[in-house]
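I opened this file to work through the fold one element at a time. My notes are below, in the order I looked things up.

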Amino acid sequence: MSNARKNGKPTVLVMMASYNGEKFISEQIDSILDQEGVDVTLRICDDGSNDSTPAICESYASRHDNVRFEVNKANKGLAKNFMDMVYDDNACGYDYYA
């Protein structure tokens with residue numbers, strides 16, 4: 001199923017790898033969700049944070065249909081965490097990726 005041109009706006013999948021980012025993650029998420037002129041889907045994949053990052057992300061996901069949140073079963077490291085999101089079959093069909 002294509003996500004292209006939803007509501008007449010180009011679709012963007014933003015992939016965010018998180019790890020112990022409680023200090024700034026709300027500001028980052030708010031900035032992404034405030035983008036104008038595009039239909040944004042935010043996918044956050046936490047890599048085993050031991051601070052409040054998962055709770056913050058889960059809160060956003062429960063309030064926003066366009067925010068998807070998951071936690072890795074084991075720490076993968078930044079590069080693998082991000083690349084696994086890039087190569088996931090659910091990452092297909094958007095106009096742009098970030």
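These entries go from the sheet to the helices, then to the cores and a few single residues.

**Entry 1: the sheet**

I noted at the start that this is a predicted model. I then asked which order the strands take in the sheet. The order is β3-β2-β1-β4, in an open sheet of 4 strands with parallel pairing. The edges are β3 and β4 (96-97), and each of these pairs on one side only.

I went through the pairs next. β1 and β2 are joined in the parallel sense over 8 bridges. Met15 stands opposite Arg43 in β2. Ser18 has Asp46 as its bridge partner in β2. β2 and β3 are also parallel, over 5 bridges. Here Leu42 stands opposite Val67 in β3, and Cys45 has Glu70 as its bridge partner. For β1 and β4 I found 2 bridges, again parallel. Leu13 has its bridge partner in β4, namely Tyr97.

**Entry 2: burial of the strands**

How many residues of β2 are buried? I got 8 of the 8, so β2 is largely enclosed by the rest of the structure. I checked both faces. Asp39, Thr41, Arg43 and Cys45 lie on one side, Val40, Leu42, Ile44 and Asp46 on the other, and all are buried.

**Entry 3: crossovers and helix packing**

I then looked at how α2 sits. α2 packs on the sheet and touches β1, β2 and β3. Its direction makes about 150° with that of β3.

I went back to the β1 and β2 pair, with its 8 bridges. The path from β1 through α1 to β2 is a right-handed β-α-β crossover as well.

Which residues of α2 are buried? I listed Thr53, Ile56, Cys57, Tyr60 and Ala61. They cover an arc of only 135° around the axis, which puts them on the same side of α2. I recalled the general rule: an α-helix has 3.6 residues a turn, so residues three or four places apart point the same way. The buried residues of α2 pack against β1, α1, β2 and β3. On the face turned away from the buried side I found the exposed residues Ala55, Ser62 and Arg63.

**Entry 4: the cores**

Which members of the largest nonpolar core touch the most other members? Of its 15 residues, they are Met16, Ile29, Leu42 and Ile44. The elements giving two or more residues to this core are β1 (11-18), α1 (25-33), β2 (39-46), α2 (53-63) and β3 (67-71). α2 gives the most, with 4 residues. A second, separate core has 6 residues, including Leu13, Met15, Cys45 and Ala91.

**Entry 5: Phe69**

Phe69 lies in strand β3. Is Phe69 buried or exposed? Its relative accessible area is 17%. The cut-off for buried is under 20%, so Phe69 counts as buried. With residues up to four places away in sequence again left out, Phe69 touches Ile44, Asp46, Pro54, Cys57, Glu58 and Ala61. I also took one distance. Phe69 and Lys80 are 11 residues apart in sequence and 17 Å apart in space, C-alpha to C-alpha.

**Entry 6: Asn20**

My last stop was a backbone check. Phi of Asn20 is near 45°, a positive value in a residue other than glycine. Most residues other than glycine have a negative phi. Where is Asn20? I found it in the loop between β1 and α1. At 30% relative accessibility, Asn20 counts as partly exposed.

Definitions and conventions:
Residues numbered from 1 in each chain as written. Predicted model: local features only at pLDDT ≥ 70, side-chain atom pairs only at ≥ 80, totals over all residues. Heavy atoms only, no water. Core = buried A, V, L, I, M, F, W, Y, C linked by side-chain atoms within 4.5 Å. Buried < 20%, exposed > 50% of the residue type's maximum accessible area, 1.4 Å probe, protein only. Pairing = 2+ DSSP bridges. Contact = heavy atoms within 4.5 Å. Axes fitted to C-alpha atoms, helices over the stretch in contact; angles between N-to-C directions. Right-handed = clockwise from strand over helix to strand, strands pointing away. Arc of directions from axis to C-beta.
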